[in-house]
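Subject: Structure for you to look at

Hello,

I am passing on the structure we talked about. Please open it first, then read the notes below beside it.

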Amino acid sequence: MKEWIVPDEDIGVDGAYFGYVELIRCKDCKRWNTILDSSKAEYGLCQARSQLETTSRDHYCGSAERGEE
């Protein structure tokens, strides 16, 4: 499932949304690794940040890149 960041003024408006950026959750990012190599882990390590940080599966950031599906 894909999610998009949509400005308030466009919510509920019919039509195409061009130029919007897809929101990528940590669990779908190629830079995120689950802790203990468990696909059901709630937290993982983010390699996109300046330091390795623990993040939740549902967190997102502007540096995310979708991993292979």
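Predicted model: local features only at pLDDT ≥ 70, side-chain atom pairs only at ≥ 80, totals over all residues.

**Strands and pairing**

Thr34 stands opposite Gly44 in E4. Residues are numbered from 1 along each chain as its sequence is written, and side-chain values use heavy atoms, with hydrogens and water left out.

The chain has five strands and zero helices (a helix would be a DSSP run of H or I with at least four residues). Read from the N terminus, the order of elements is β-β-β-β-β.

Strand E3 (residues 32-34) and strand E4 (residues 43-46) run antiparallel and are joined by three bridges. Two strands count as paired if DSSP finds at least two bridges between them. E4 also pairs with strand E5 (residues 53-56), again in the antiparallel sense, over four bridges. In that pairing, Tyr43 stands opposite Ser56 in E5.

**Two residues in the strands**

Trp32 lies in strand E3. Is Trp32 buried or exposed? Trp32 is buried, because its relative accessible area is 7% and buried means under 20%, with exposed over 50% and partly exposed in between (1.4 Å probe, protein chains only). Neighbours within four places in sequence aside, the contacts of Trp32 (heavy atoms within 4.5 Å) include Cys26, Tyr43, Gly44, Cys46 and Ser56. Trp32 and Gly44 are 12 residues apart in sequence, and their C-alpha atoms are 6.4 Å apart.

Leu45 lies in strand E4. With a relative accessible area of 34%, Leu45 is partly exposed. Leaving out neighbours within four places in sequence, Leu45 is in contact with Arg31, Trp32, Asn33, Ile35, Glu53 and Thr54. Ile35 is 10 residues from Leu45 along the chain, and the two C-alpha atoms are separated by 6.8 Å.

For the chain as a whole, 19% of the 69 residues are buried. Of the contacts with a separation of 6 or more, 37% are between residues 24 or more positions apart.

**Cysteines**

How many disulfides does a search of the whole structure find? It finds zero, a disulfide being a pair of cysteine sulfur atoms within 2.5 Å. For Cys29, the nearest cysteine sulfur is that of Cys46, 6.4 Å away, and Cys29 is in no disulfide. Cys46 is in no disulfide either; the nearest cysteine sulfur to Cys46 is that of Cys61, at 5.3 Å. Both residues are buried: Cys29 has a relative accessible area of 10%, and Cys46 has one of 4%.

**The cavity**

There is one cavity of 30 Å³ or more. A cavity is a set of points on a 1 Å grid over the protein atoms alone where a 1.4 Å probe fits but cannot get out, and lining residues have an atom within 4 Å of a point. The largest cavity has a volume of about 50 Å³, where volume is the space filled by probe spheres set on the points, which are joined across faces, edges and corners.

Its lining consists of Ile24, Cys26, Cys29, Arg31, Trp32, Cys46, Ala48, Tyr60, Cys61 and Ala64. By class, that lining has nine nonpolar residues, no polar ones and one charged residue. Here Ala, Val, Leu, Ile, Met, Phe, Trp, Tyr, Cys and Pro count as nonpolar, Asp, Glu, Lys and Arg as charged, and the others, Gly among them, as polar.

Regards

Technical notes. 1 Å grid on protein atoms, 1.4 Å probe; cavity = no way out; pocket = protein on both sides within 12 Å on 5 of 7 lines; lining within 4 Å.
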